[in-house]
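Here are my comments on the structure, as numbered points. Please read them with the model open beside you.

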Amino acid sequence: MHPATPFTTDAPVGRAHRTPLPRRRLLRGLLAVTVAAPLLFGAAACGDDDGGAADPNAPVKLSIFWWGGDARAKLTEDALALYTKKHPNVTFEKTWQANQGYFDKLATLTAGGNPPDLFQIDDNYLAEYAARNSTLDLTSYQKSGKLDTSKFPESLWQYGVVDGKLAGLAAGENTQGLVYNKTLLTKHNLPEPTTGMTWEEHIAWAEQVTAKTNVPGTQDPSADYKALWVWLRQQGKDLYQGKELGFTAEDVTRWFDLWRGARDRKATPTPDVIHEGNATDITKQLVVTGKAATSWVWANQMPDLKKNTKDELGVIAYPGDPSAQWARASMYWSVFKGSKNRDVAVDVINFLNNDVEAVKLLGTDRGLPSNLDLRRVVSDDTTDPAMKQSIAVEAELTQKFGKSPQVPIKGHSKVKSELIKAAENAQYGRASSAEAATQFIEACKSAIA
Amino acid sequence: MALTTAPDPTRRGPGSDRAHAERRGPGRLRNSEGLAGYVFLSPWLIGLMGITAIPMLLSLYLSFTNYDILTPFSEVEWVGLANYRRMFTADPSYWHAVRVTLTFALIAVPLKLAAALGVALLLNRAWRGVGLFRGLFYLPSLLGGSVALAIVWVNMFNRDGAFNSLLSLFGIEGRPWVNDPDWALETLMVLAIWQFGAPMVIFLAGLKQVPTELYEAASVDGAGRFRQFRNVTLPMLSPVIFFNLVLETINGFQGFTAAFVLSNGTGGPVDSTLMYTLNLYITGFTDLEMGYASAMAWVFLLAIAVITAIFFSTGRFWVHYSDGEDR
């Protein structure tokens with residue numbers, strides 16, 4: 001992808017070399033190769049459609065790819081080692097990396113004809129991959145019982161269905177979580193926020209925190225799609241409706257106005273700090289960098305956040321009616337459609353979700369275990385206080401959860417980044433709420449078209 | 001002082017066209033030699049084909065398709081000029097990226113060259129320890145487009161970074177430079193300018209080539225420092241300036257790493273650091289529109305080719321090649 005390289009290697013412009021005949025022939029050959037190459041690659045990519053293993057004991061090397069930190073890597077490797085212990089013919093080629101850049105890498109591996117058999121994916125990308133036929137439809141495995149979802153909450157596995165196909169199986173359950181700095185609040189004798197506060201109450205509370213502690217009360221989540229999503233659902237709207245957007249420019253304008261008000265009241269940090277907090281990186285969340293008293297995250301990220309700060313943290317639902325939140329598949333395991341080892345890959349997914357020992361090993365790192373029986377086992381067993389806390393909150397919220405929305409559609413990743421752009425435009429005062437909202441809607445329409 | 005426009009050795013390799021033509025002329029026995037030639041060339045040729053030429057031509061083909069990385073090549077649809085049409089008529093963020101890149105190149109490149117020339121002039125004297133200084137000034141450019149350097153830069157120009165601490169010593173309240181859409185690009189320009197070592201070394205080499213007699217003659221004629229610089233140094237240095245200008249312009253347009261690191265790969269805050277190549281990368285790998293990204297790459301290639309061609313065609317008005325013999 002270095003378009004200008006030829007300049008440095010080739011002859012100077014405007015002074016073309018005379019082309020001797022052999023080179024011309026060579027060029028023609030080159031063209032032929034160029035035309036042929038796509039056909040070849042194409043053929044390779046749609047080859048091996050014969051699928052599953054014949055001999056169950058034949059040695060299999062399964063490639064597996066996930067994102068996450070060291071802790072997740074350790075837990076996952078242990079669980080996979082357990083699988084190898086039980087099935088000595090199956091070994092793993094493990095690759096993992098940080099969240100940033102993960103999907104670039106996954107796309108590149110897929111394009112290069114070298115995708116992993118089994119990979120972790122989330123709802124931001126599931127539809128992108130499923131709509132392009134890159135994920136194996138797991139429905140038949142589910143029907144035959146090879147993939148056991150009988151102990152799953154129905155809405156949880158259904159959150160992996162795209163266009164009628166089971167594109168991924170929930171590796172865990174989480175939900176939106178508002179994480180706040182308990183230590184700071186106690187020190188200044190301030191009340192802790194509670195689930196069910198309205199958005200206005202939350203902002204008023206945050207304003208008070210700023211005034212007393214000099215730490216901005218809340219990160220401004222106007223660039224955060226998951227906060228917008230909850231807010232929309234509380235008004236009977238949604239992020240997507242079928243293949244369309246589930247909201248209008250007026251909705252977004254009101255959303256941006258809500259937070260402009262909060263910024264004016266100093267309930268939030270300044271735009272440059274908000275911008276820092278808009279990075280997805282756990283270590284940059286303002287609640288752990290001490291630049292705000294609350295951050296808008298996923299509840300299962302609590303233990304990870306805790307590792308990055310000495311302060312005590314608390315977690316509750318986002319403001320407003322908590323029934324706008326749902327049992328979200330925090331991430332999925334998907335099988336690459338062209339995988340030669342698809343049967344084994346499915347069996348590994350089943351193992352990671354339904355085997356007592358494996359699930360105990362994995363704990364709540366990827367969210368609450370999807371299997372409800374095992375979820376109970378894990379929550380009884382766990383000793384990690386941060387994990388205990390997020391389990392307790394999610395267990396409480398489970399009673400209040402509403403219906404799951406549809407999985408975000410193709411183009412969603414672009415919608416996410418366009419929201420950040422539009423919201424920051426409003427935050428930095430470069431556009432009015434209405435202008436930013438119109439800009440966002442336009443960009444969304446072309447992204448999902 | 002007669003300055004002639006003789007062919008520049010840097011522009012033509014030893015196997016220049018004329019020599020080539022003479023050798024090719026008579027013999028037929030060239031065939032086996034030709035074959036041997038290609039065999040010797042083959043490591044380079046295979047590299048060129050495999051790593052550069054074939055992928056490039058492939059991307060030309062892809063630029064007329066809706067290729068999205070995930071779909072196999074066999075199912076890619078030919079969309080004709082749609083990608084190019086979209087770029088020119090329906091994609092405001094594309095034009096935004098073009099503006100950002102042009103701003104960056106138009107400001108950073110001249111300033112970088114000026115800094116390189118200025119420092120080269122200072123370091124062209126025979127002080128004690130001048131070698132050490134040359135080394136020190138060259139050092140930053142060795143770090144090139146490194147990620148580590150970009151990370152250091154981000155931390156230095158944060159709200160609570162080293163630069164603002166320095167400013168506060170003078171009672172100035174700094175800004176969150178890298179997180180401020182009005183200043184993020186400027187921060188990147190400073191980084192680019194600071195890495196002036198490579199052109200500086202080339203300027204130094206050029207300065208060493210200027211014959212001292214010319215300065216002696218000029219001072220006998222009563223030319224002061226400034227006139228000597230304008231009428232001797234600059235003309236004698238013009239081929240080197242030209243070389244640096246072309247190279248640095250191309251480099252400037254291709255700036256990617258620092259912008260990528262500074263913005264976490266988003267081009268933010270508010271697209272202020274959305275350089276052309278970063279926009280291209282996001283389009284291809286994050287938005288999965290590789291066909292469209294390929295089209296962007298080809299337009300980029302053509303744009304750089306045109307700009308370079310303009311440089312070469314204007315060069316004859318201000319670049320003086322002296323072979324040093326006909327003084």
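1. Two strands pair if DSSP finds at least two bridges between them. Helices (H or I, at least four residues) and strands (E, at least two) are DSSP runs, numbered from the N terminus. With these terms, chain A has an open sheet of three strands in the order β10-β7-β11, with antiparallel pairing. Because β10 (294–298) and β11 (313–316) of chain A stand at the edges with a single partner strand each, one side of each has no neighbour in the sheet. Neighbouring strands of this sheet are turned by 30° against each other on average, direction ignored (axes are lines fitted to C-alpha atoms, for helices over the stretch in contact, and angles run from 0 to 180 degrees between N-to-C directions).

2. This is a predicted model: local features need pLDDT of at least 70, side-chain atom pairs count only at pLDDT 80 or more, and totals for chains, interfaces and linings use all residues. Residues are numbered from 1 along each chain as its sequence is written, while chains are lettered from A and ligands numbered from 1 in the order in which they are written.

3. Strand β7 (residues 176–181) of chain A is joined to β11(A) by four bridges, and the two run antiparallel.

4. Elsewhere in chain A, strand β1 (residues 60–67) runs parallel to strand β2 (residues 90–97), with eight bridges between them. A:Ile64 has A:Lys94 as its bridge partner in β2(A).

5. Chain B has 14 helices and zero strands. Of its 327 residues, 32% are buried (20 or more other C-beta atoms within 10 Å of the residue's own, C-beta atoms being placed from the backbone; exposed is 12 or fewer, partly exposed in between).

6. The largest nonpolar core has 177 residues, and those with the most contacts inside it include A:Val179, A:Val287 and B:Leu188. Such a core is a set of buried Ala, Val, Leu, Ile, Met, Phe, Trp, Tyr and Cys residues joined through C-beta atoms within 7 Å. Helix α4 (residues 92–122) of chain B gives the most to this core, with twelve residues.
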